[in-house]
Amino acid sequence: GTLDQGCPGGDDHDTEVEQRFYAQALAAYQAGLDRIDDGGISSAEAGALHAGLASLYRSRVLAANGAINSDYTTLMVEAAGAALDALPEGDIRRQELTQWQADGLRQLLADAQARGDWSLVAALLVTPAHVLQQAWDPNVDRAQIRREDLRIGSRGGIDPHDPVGLEELDH
């Protein structure tokens, strides 16, 4: 996702102050992340910016009416992944970010499965296996995903002959 997406899905419940705070925080993170391209910040600093951005998106995943906003969930998962890619292995934020990423993927997988969007399920399953192991819901119908993936065919998704396929998630 891009940072200039504003308020995905609309947030009519936000007050003007909340919307202004969100916009300012988003702009501040964007300014910091723009420095990555210039080589003006270290990998650890970039990781911290992505972690802050993931937290900002996470604060908007749950709408006022209790519904999950999948746009913010997607943005949170992407930002958490970028943070994990940049933060050093020993960073104390890694466990929390990994949990956010796994929770977000679990929600996105469940939502896509409920809607019968098997191409999205297949696309989400391209995620690295160690993340999927944490996100995988044991109630997901693996056989249905396999059938739909074979139907999708060359449009991408799981390779049924790939040894790092769904069987790995059963453990």
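Tutor: Let us begin with a term: a contact means heavy atoms within 4.5 Å. In the protein chain, among contacts with a separation of 6 or more, 59% are accounted for by residues 24 or more positions apart. Please keep in mind throughout that this is a predicted model.

Student: Which secondary structure elements does the protein chain contain?

Tutor: The protein chain has seven helices and zero strands. Read from the N terminus, the order of the elements is α-α-α-α-α-α-α. Of the 171 residues in the protein chain, 40% are buried.

Student: As the model is predicted, where in the protein chain is confidence lowest, and where is it highest?

Tutor: The score to read is pLDDT, the predictor's confidence in each residue, from 0 to 100. The average over the protein chain is 75, and 65% of the residues score at least 70. Confidence is highest in helix 3, with a mean of 94, and lowest in helix 7 (residues 142-152), with a mean of 49. Over residues 148-171 the pLDDT is below 50, and this stretch has 30 contacts in the model beyond near neighbours in sequence. At the other end of the numbering, residues 1-11 stay under 50, and the model has 27 contacts for them beyond four places in sequence.

Student: What is found at the start of helix 3, and what comes just after helix 1?

Tutor: At the start of helix 3, a side-chain oxygen of Asn69 comes to within 2.9 Å of the backbone nitrogen of Asp71. Just after helix 1, Gly39 has a positive phi of about 75°.

Student: Which residues of helix 3 are buried, and against which helices do they pack?

Tutor: The general idea is that an α-helix has 3.6 residues a turn, so residues three or four places apart point the same way. In helix 3, the buried residues include Tyr72, Leu75, Met76, Ala79, Ala80, Ala83 and Leu84. The buried residues of helix 3 pack against helix 1 (16-38), helix 2 (43-58) and helix 4 (94-115). For helix 1, the buried residues are Tyr22, Ala25, Leu26, Gly32 and Leu33, and they pack against helix 2 and helix 3.

Student: How many aromatic pairs does the structure hold?

Tutor: There are two aromatic pairs. One is formed by Tyr22 and Tyr72: the ring centres are 6.1 Å apart and the planes lie at 85°, so this pair is edge-to-face. It links distant parts of the chain, since Tyr22 is in helix 1 and Tyr72 in helix 3, 50 residues apart. The other pair, Tyr57 and Tyr72, is tilted, with 6.3 Å from centre to centre and 40° between the planes. Tyr57 belongs to helix 2 and Tyr72 to helix 3, so this pair ties together parts that are 15 residues apart in sequence. Through these ring pairs, Tyr22, Tyr57 and Tyr72 are linked into a cluster.

Student: Why do Tyr57 and Tyr72 count as buried?

Tutor: A residue is buried if its relative accessible area is under 20%. Tyr57 has a relative accessible area of 3%, and is therefore buried. Tyr72 has 0% relative accessibility, so it counts as buried. Tyr22 is buried as well.

Student: Is Leu125 buried or exposed, and where does it lie?

Tutor: Leu125 lies in the loop between helix 5 (118-124) and helix 6 (129-135). With a relative accessible area of 11%, Leu125 is buried. Its C-alpha is separated by 9.3 Å from that of Leu105, which is 20 residues away along the chain.

Conventions
Residues numbered from 1 in each chain as written. Predicted model: local features only at pLDDT ≥ 70, side-chain atom pairs only at ≥ 80, totals over all residues. Heavy atoms only, no water. Buried < 20%, exposed > 50% of the residue type's maximum accessible area, 1.4 Å probe, protein only. Helix = DSSP H or I, 4+ residues; strand = E, 2+ residues; numbered from the N terminus. Polar contact = N/O pair within 3.5 Å; in protein donor to acceptor, adjacent residues only side chain to side chain. Phe/Tyr/Trp six-rings, centres within 6.5 Å; stacked < 30°, edge-to-face > 60°.
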